[in-house]
Amino acid sequence: MSYADKSKLLYLAQIFEVIFVFYDLFEQLCAIKGVSVTKATIEIGLSRTIGTKWKNTGATPQGETLNKIADYFGVSTDYLLGKSQSESQITFNDFTYAMFNESKELTEEDKSLLLQMARQLSDKNKKGGKAR
């Protein structure tokens, strides 16, 4: 299944309140960040095989592990647990779905500019300052 198909399924699952599976959200967050599940778990400071455990067992991390994951992706623990759509009124999946579909019409130069702007906003939020 392609990334686009998974994104659409996750989006539809949230609309219809299908059973929440942590691994699917974790995998989507990794794809958006541009890292593999294994690389993300290592960078977070977890076992390189923990992603496989989440996928195979349906387990959801708790406590400090959940906090580390939330910090890594810049989302709330409630979002990771499926208790909230996101920190703002525009949900993560709404934004991702819109960007995926809307970007089809953009030139490569426009896509590059959009990515640069997103990175600047991310840096600004991490530093608590103004965008460059």
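# Helix packing and surface features in a predicted model

Biologist: How do helix 2 and helix 5 pack?

Modeller: Helix 2 (residues 22-33) and helix 5 (residues 63-73) pack with their axes 11 Å apart, at an angle of about 30 degrees. Axes are lines fitted to C-alpha atoms, for helices over the stretch in contact, and angles run from 0 to 180 degrees between N-to-C directions. This is a predicted model: local features need pLDDT of at least 70, side-chain atom pairs count only at pLDDT 80 or more, and totals for chains, interfaces and linings use all residues. Residues are numbered from 1 along each chain as its sequence is written, and side-chain values use heavy atoms, with hydrogens and water left out.

Biologist: Are helix 2 and helix 5 roughly parallel or antiparallel?

Modeller: The two helices are roughly parallel to each other. Angles under 35 degrees count as roughly parallel, over 145 as roughly antiparallel, 65 to 115 as roughly perpendicular and the rest as oblique.

Biologist: Left-handed or right-handed crossing?

Modeller: Helix 2 passes helix 5 in a left-handed crossing, meaning that the near helix is turned anticlockwise from the far one by less than a right angle; clockwise would be right-handed.

Biologist: How many helices and strands are in the chain?

Modeller: There are eight helices and zero strands. Helices (H or I, at least four residues) and strands (E, at least two) are DSSP runs, numbered from the N terminus.

Biologist: Back to helix 2. Is Y23 buried or exposed?

Modeller: Y23, located in helix 2, counts as buried because its relative accessibility is 8%. Buried means under 20% relative accessible area, exposed over 50%, and partly exposed in between (1.4 Å probe, protein chains only). Of the 132 residues of the chain, 26% count as buried.

Biologist: Which residues lie at what C-alpha distance from Y23?

Modeller: Among them is T60, 37 residues away in sequence, with a C-alpha separation of 7.7 Å from Y23. Another is T57, 34 residues from Y23 along the chain, at 9.5 Å between C-alpha atoms. T57 lies in helix 4 (residues 50-57) and is exposed, with a relative accessible area of 54%.

Biologist: Changing topic, how many salt bridges does a search of the whole structure find?

Modeller: The search finds one salt bridge, defined as a side-chain nitrogen of Lys or Arg within 4 Å of a carboxyl oxygen of Asp or Glu. The side chains of E43 and K39 form it, at 3.7 Å from N to O.

Biologist: Why are E43 and K39 separated by about one helical turn?

Modeller: Because they are four residues apart in helix 3 (residues 37-44). Side chains of opposite charge can pair when their charged atoms come close. E43 is partly exposed at 43%, and K39 is partly exposed at 44%.

Biologist: Which residues form the nonpolar surface patch?

Modeller: L106, L113, L114 and M117 form the patch, with about 310 Å² of accessible area together. Patches are made of residues with over 30% relative accessible area and no salt bridge: like charges are joined within 9 Å, nonpolar side chains (Val, Leu, Ile, Met, Phe, Trp, Tyr) within 5 Å. Accessible areas come from the Shrake-Rupley method with a 1.4 Å probe; for residues, only the protein chains shown count as cover.
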